[in-house]
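Work through the exercises below with the sequence and the model side by side. Try each task before you read its solution.

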Amino acid sequence: MEEILKYEHVQVCFNGRPVVNDVSFSLRKGEILGIVGESGSGKSTLLRAAMGLLGPGGLVTRGDIWFDGADLPDLPPKTMHRLRGARLGMIFQDGRASLCPIRTIESQMYESLNAHKNRFSPGKHEPSSRQEQKISRPRAREMALDLFEKLNLPDGERVLKSYPFELSGGMNQRVCIAMAVLKNPDVLLADEPTSALDVRTQKQIVDTLARLHRELDMSMIIVSHDMAVIKALADHVLVLKDGNVMEYGPTSRVFSSPASSYTKLLLESVPRIRPQSSPGG
């Protein structure tokens, strides 16, 4: 199966201090990779490194992150701007915080949809010859409503007219997922997409991501501290601790026969629901 994103011996430092050390893995087309570990293990840093969103003091100091023939950390900012959203989509942890509070969902989705008007090949450092026309507001609305239906987001017309503060946390998160997949990116990066939500809404988001993967055959990397979420979604899993890889392999093997004592510890922390005793039993 074709590799679509590949990390080779990546080290990330903040203000000269390493926070991710010698991390290597690959994402294949149509695959879901789960990255799991405790808070502060470097999970989110790996995604932000690919997106060029490490912020002040953050730098990939060693290794390569390959996408479509280009090493992402070496690309100029303008090139990365063209890639973000169009070919590399990202869902952040807190949907509401990711949205503008003073603009309707419809206006934000319209802007997101028209932010990139072409498919871009970073290896060539120039837009492809296939240009896309600006999408009209009626067409953008139609696309958004169709996607809302796929995401099981009820009352799409009301959602489009709403401001983020008028929607629940789960609805805002699904709006952010919709915005991330509107341009049908090659890779969707999800940074703790369920951690800010209640248990029922977490399940809805997990089901939403699984449905998108099936229907769009979209490659995904999902970061989580929740082993149950990773088990439900991922084909392969990477386990991180203090910026170091503890384990990497097929999800079924990692969960059934973990090689790392740290992975075993994480698995033991997953809550198990005991069956209720029958009346009089």
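Start with the chain as a whole. Among contacts (heavy atoms within 4.5 Å) between residues at least 6 apart in sequence, 69% join residues at least 24 apart. This is a predicted model, in which local features need pLDDT of at least 70, side-chain atom pairs count only at pLDDT 80 or more, and totals for chains, interfaces and linings use all residues. Residues are numbered from 1 along each chain as its sequence is written, and side-chain values use heavy atoms, with hydrogens and water left out.

**Exercise 1. Explore the largest nonpolar core.**

Task: state which residues of the largest nonpolar core touch the most other members, and which helix gives the largest share.

Solution. 
- Step 1. Recall the rule: a nonpolar core is a set of buried Ala, Val, Leu, Ile, Met, Phe, Trp, Tyr and Cys residues joined through side-chain atoms within 4.5 Å. In soluble globular proteins, nonpolar side chains tend to be buried together.
- Step 2. The largest core holds 50 residues, and Ile105, Met109, Phe148 and Val175 touch the most other members. Helix H7 (residues 169-181) supplies the largest share of this core, eight residues.
- Step 3. Another core lies apart from it, with 34 residues, including Val10, Val19, Ile65 and Leu189.
- Step 4. Look at Ile105 up close. Beyond its neighbours within four places in sequence, the contacts of Ile105 include Leu99, Phe148, Val159 and Val175.
- Step 5. Move to helix H4 (residues 105-113). Its buried residues are Ile105, Ser107, Gln108, Met109, Tyr110 and Leu113. Their cover includes helix H5 (137-150), helix H6 (156-161) and H7.
- Step 6. Check the ring of Tyr110. The charged end of Arg137 sits over this ring, 4.0 Å from its centre. The test asks for NZ of Lys or CZ of Arg within 6 Å of the ring centre and within 35 degrees of the ring normal.

**Exercise 2. Classify the aromatic pairs.**

Solution. 
- Step 1. Rings of Phe, Tyr and Trp (its six-membered ring) pair if their centres lie within 6.5 Å; planes under 30 degrees apart count as stacked, over 60 as edge-to-face and the rest as tilted.
- Step 2. Tyr7 and Phe25 are stacked, because their ring centres are 4.3 Å apart and their planes lie at 20 degrees.
- Step 3. Tyr7 is in strand E1 (residues 3-14) and Phe25 in strand E2 (residues 17-28), so this pair ties together parts that are 18 residues apart in sequence. Tyr7 is buried at 1% relative accessibility; Phe25 is buried at 4%.
- Step 4. Tyr163 and Phe165 have ring centres 5.8 Å apart and planes at 10 degrees, so this pair is stacked too. Tyr163 is partly exposed at 30%, and Phe165 is exposed at 56%.

**Exercise 3. Trace the strands.**

Task: give the order of the four-strand open sheet and name its edge strands.

Solution. 
- Step 1. Two strands pair if DSSP finds at least two bridges between them. The order is E2-E1-E4-E5, with antiparallel pairing.
- Step 2. E2 and strand E5 (70-71) are the edges, as each pairs on one side only.
- Step 3. Eight bridges join E1 to strand E4 (residues 58-67). Lys6 stands opposite Trp66 in E4.
- Step 4. Inspect His9, which is found in E1. His9 is not a glycine, yet has a positive phi of about 50 degrees.
- Step 5. Turn to the antiparallel strands E11 (residues 236-241) and E12 (residues 244-250), joined by six bridges. They form a hairpin with two residues between them, and Asp242 in the turn has a positive phi of about 50 degrees.

Definitions and conventions:
Buried < 20%, exposed > 50% of the residue type's maximum accessible area, 1.4 Å probe, protein only.
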